Amino acid sequence: MDLSLRRRLCMLLLLLHAAALSPWLAEAASLPAWKEVSTSLGSIKLRELGPHDGPLAICIHGAMNNEFIRGEWDEIALKLAEAGYHVLIPNFHSGPKTTTPRHTNSDDVRALIVDLAFTLDGFVPSRYKAVAAPKAKRPKVFVLGKSWGGRQAAEIALLPQVVGAALVAPAIGEKEAGIIMPKIKGEVVLCMAKDDPVVPFSRAAKFLQNLPEKQTFIEAASGGHKVLPEYTLPILALAERIRDAFSHDEVPPEL
């Protein structure tokens, strides 16, 4: 192969690589910077998108500590923000050891999410928040989670202020599903891929059997253990259906 042909091939490969990266780079450029916030478990970093006074959505990533996993909810978060939602994407690896997926527990994650919702929510008027506990107003939340985050989202969805949940390949065993899922309060979208090597698709039947009646199941033929593009529209549709549930006419019961 002569030198000029080799150079042309190298240039073609570089252009193809740049074209493949361009959607990701455009998305990354439109995301806000990570900001540090204080919680009862210590300070962690998060991204905050959308109008501060919009209904609150919190996206919980999977267990692995890498940029791809932390960014799996970015596209959906951007679209939720465009639809008027106030979206938080916490980085559970950015805080003290007690907040990391390997070392934390569901009670601590639930407490952290409640902290974030109460501190950063702008939908509930401040006059409600000013009332001393136990009558303090608890902001309502749409919670989204994948894998480890899907399990956390399912457990957080047991709280009365959670009005909807999007669960992508939740890392929940069949026996645990029978304990956790029947207690979920709001509407649920469950998303799973048939070729998922981490959370077997065979668990879907058990999940659906135990989830509340208001449920939508999205089945992907392939794509593995990821937040897949075909999950976006059903999750956005759920966000639209539950929008009216973000009212502050009634005070939820005690946690």
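Predicted model: local features only at pLDDT ≥ 70, side-chain atom pairs only at ≥ 80, totals over all residues.
Reader: How many cavities of 30 Å³ or more are in the whole structure?
Author: A search of the whole structure finds two. The largest cavity holds about 80 Å³ of space.

Reader: Which residues line the largest cavity?
Author: The lining includes I113, V114, A117 and F118, and R138, P139 and Q161 are also among the lining residues.

Reader: And which helix gives the most to that lining?
Author: Helix α4, residues 106–120, gives the most, with four residues.

Reader: What classes of residue are in the lining?
Author: Nine residues of the lining are nonpolar, one is polar and one is charged.

Reader: Changing topic, what is the phi of S147?
Author: The phi of S147 is near 60°, which is a positive value in a residue other than glycine. Most residues other than glycine have a negative phi.

Reader: Where does S147 lie, and is S147 buried or exposed?
Author: S147 lies in the loop between β5 (141–146) and α6 (148–156). S147 counts as buried because its relative accessibility is 11%, and buried means under 20%.

Reader: What about A169: what is its phi, and where is its place?
Author: A169 is not a glycine, yet its phi is positive, at about 45°. A169 is found in the loop between β6 (162–168) and α7 (174–180). With 4% relative accessibility, A169 counts as buried.

Reader: Lastly, why does E213 count as exposed?
Author: E213 counts as exposed because its relative accessibility is 80%, and exposed means over 50%. E213 lies in the loop between α8 (204–210) and β8 (215–220). The C-alpha atoms of E213 and E187 are separated by 8.0 Å, and these residues are 26 residues apart along the chain.

Methods. Residues numbered from 1 in each chain as written. Heavy atoms only, no water. Helix = DSSP H or I, 4+ residues; strand = E, 2+ residues; numbered from the N terminus. Buried < 20%, exposed > 50% of the residue type's maximum accessible area, 1.4 Å probe, protein only. 1 Å grid on protein atoms, 1.4 Å probe; cavity = no way out; pocket = protein on both sides within 12 Å on 5 of 7 lines; lining within 4 Å. Points joined across faces, edges and corners; volume = space filled by probe spheres on them. Nonpolar A, V, L, I, M, F, W, Y, C, P; charged D, E, K, R; others polar.
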